[in-house]
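Please keep the sequence and the structure in view while reading.

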Amino acid sequence: MPARLLLLTLMFGALATLNAAAAEPGYAENSPESCIGCHDFGDSSPVHPLLQGVHGASDRAGTPMAERGCEECHGPSAAHSRAPTQVAPGVSFGPRWTTAAAKQDGQCLACHGDDSARHWEGSHHQQQDLACVTCHDVHTARDTVLKPPGQAEVCTLCHKQQRSGIHGLEERVQFNPACSSCHSPHDSKSPHGVMLDNRSEGCASCHNLVTMATDPAVSDKAKSYHKVMAQTDKTCLGCHVGIAHVAAAGVAPLITEASSSRRVTLFYPGQSDSEWLLSEHPGSQPLRQGSSCQQCHRGDEPAMGAALADGEFAPATRELNVRFGTDTGELVVNIDWSGTAAEQDLALMWGDRGNDELTRAGCFAACHSDMPGMTRDRGQQLDKYLLASRLQERQIGRPPVVRDEAELAALREAGNFAELWRVKLQDPVAVESGALLAGINWHQDSLVKSSAQFRDGRWQVTLRRPLKPMPGGLSFAPGRELTLGIALHGADNPGGEHWISLPMTFATDGINTDFRAD
């Protein structure tokens, strides 16, 4: 059946079964017809697979399409149907608008809160700011993560160490059991608990205890131990711990443990600006909901740099050693890296953890499409700025509107600005600091002191800054958690053609931050 004909058949089936709730205040009078009028823009429209899936089954009681149609999930959207480019749906799942994760989840839990997601509240994934739609997609005939072969495709977007498969046997990844045979994504149950429930189903998909009992390659001692599996309170994890993926010590923690020093990988960002990240980037929705770039991309820097450089910019990454310490009331930062004497400058951008823009995106928060060398550069020669400083962003036919000085002062007072340090590496070596909001206001007297030297192919830079709050700056005192981004400009890469880090976290006395100061 042609796609459009199938769509019409399903649509009118849905209209025939919608109850009188569609006429309730706030709901569109002719949903889903009014929705489909715009959202059926061709065979690639996500409306088609939705209506072919279980959520779009109008002849099945209890499904969204058998109730209020699109608005059963998207909430009252009469205002959106009247002004679709100006007013968001009642509940939006992106990409243009994004409702808070808790409200999105509420739509799903209204149906699934009594079954598969009954323990979602307080679960590990919820505490990490993941929403139902981070993993699930209802605008498809069959959700990828519900198919055992597709689970790893979704899960390894974050759990990257598991891409090599069970026991690190990458050549056998296609034969691996489903992630959910050992792990429970909707609650905080450990793999041990899951495997107690399903009798170690994941292991048994490859390891047959009956066959192993007569296998001459299996020792008598192991055969004896395996007999305990007849007891329902035993799992394979009782003995075989830390071997399913890699040794436990070999997995980088998703929740960081503070260190005073570590190697940081900077990567070439191309023309990735805030506007793209918040609208067209596949991760735009979790980013708008509060997730950090680190949450998905920790460890991806080399791959991202190579993809964005696309063979036209080299090197795609740079490795820096970064160390933090304190000395007589000052923060001391030591950074060294391999390079050439012609390096231009090193920059550090700091933000209070209450500054959502910097917490989520780090250096990207100050990079925009209308800046020099970016996708919408029209010669405005704009400096770096934060979106919080704008009442209205630049759009076609709409100039940007910067907040007045009183509003900017209130933002600065609340800590919604970035403190920028820039070390100029060429003679004479110099350092400057400034406050970044609507632009960069360089301090008359730098809050930072620096020294830099190049010897035997390596740069060594030392920065010192008082821990206490400084006029026009932030506080680095114990108990204050900050976001940090690092950028390096080489000899032949001006403007946006540089290397930057993902956002990192710092606290002088940090525990779960990336860095602390010794």
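In helix H10 (residues 191–198), the buried residues are Gly-193, Val-194, Met-195 and Asn-198. Here, buried means under 20% relative accessible area, exposed means over 50%, and partly exposed lies in between (1.4 Å probe, protein chains only). Helices (H or I, at least four residues) and strands (E, at least two) are DSSP runs, numbered from the N terminus. Helix H11 (201–204) is one of the elements that cover the buried residues of H10. Directly after H10 comes Arg-199, with a positive phi near 60°.

The model is predicted: local features need pLDDT of at least 70, side-chain atom pairs count only at pLDDT 80 or more, and totals for chains, interfaces and linings use all residues. Residues are numbered from 1 along each chain as its sequence is written, and side-chain values use heavy atoms, with hydrogens and water left out.

## The nonpolar cores

A nonpolar core is a set of buried Ala, Val, Leu, Ile, Met, Phe, Trp, Tyr and Cys residues joined through side-chain atoms within 4.5 Å. In soluble globular proteins, nonpolar side chains tend to be buried together. The largest core in this model has 63 residues, and Phe-324, Leu-331, Leu-348 and Trp-350 touch the most other members. A second, separate core has 7 residues, including Leu-50, Leu-51, Met-65 and Cys-70.

Which residues are in contact with Phe-324, leaving aside its neighbours within four places in sequence? Among them are Ser-260, Leu-331, Val-333, Trp-350, Leu-484, Phe-506 and Asp-518. Contact means heavy atoms within 4.5 Å.

## Strand E14

Strand E14 (residues 504–507) is covered on both faces. Met-504 and Phe-506 are buried on one side, and Thr-505 and Ala-507 are buried on the other. In a regular strand the side chains alternate between the two faces of the sheet.

E14 runs antiparallel to strand E12 (residues 481–489), to which 4 bridges join it. Two strands pair if DSSP finds at least two bridges between them. Glu-481 has Ala-507 in E14 as its bridge partner.

## Aromatic pairs

The structure contains 12 aromatic pairs. Rings of Phe, Tyr and Trp (its six-membered ring) pair if their centres lie within 6.5 Å; planes under 30 degrees apart count as stacked, over 60 as edge-to-face and the rest as tilted. The pair of Phe-267 and Phe-364 is tilted, with 6.4 Å from centre to centre and 40° between the planes. This pair links distant parts of the chain, 97 residues apart: Phe-267 is in strand E1 (residues 261–267), while Phe-364 is in the loop between helix H18 (356–361) and strand E5 (390–392). Phe-267 is buried at 1% relative accessibility, and Phe-364 is buried with a relative accessible area of 6%.

Why is the pair of Phe-324 and Trp-350 edge-to-face? The ring centres of Phe-324 and Trp-350 are 6.2 Å apart and the planes stand at 80°, so the pair is edge-to-face. Because Phe-324 lies in strand E2 (residues 317–327) and Trp-350 in strand E4 (residues 345–352), the pair ties together parts that are 26 residues apart in sequence. Phe-324 is buried, with a relative accessible area of 5%, and Trp-350 is buried at 0% relative accessibility.

## Charges over rings

A charge sits over a ring if NZ of Lys or CZ of Arg is within 6 Å of the ring centre and within 35 degrees of the ring normal. Arg-262 lies over the face of Phe-515, 5.5 Å from the ring centre. Likewise, the charged end of Arg-390 sits over the ring of Tyr-385, at 3.7 Å from its centre.

## Backbone features

The peptide bond from Ala-314 to Pro-315 is cis, with omega near -10°. Pro-315 is placed in the loop between helix H17 (301–309) and E2. The peptide bond from Asp-427 to Pro-428 is also cis, with omega near -5°, and Pro-428 is in the loop between strand E7 (418–424) and strand E8 (430–436).

Asp-456 has a positive phi, near 50°, although the residue is not glycine. Asp-456 lies in the loop between strand E10 (449–455) and strand E11 (458–466), and is exposed at 73% relative accessibility.
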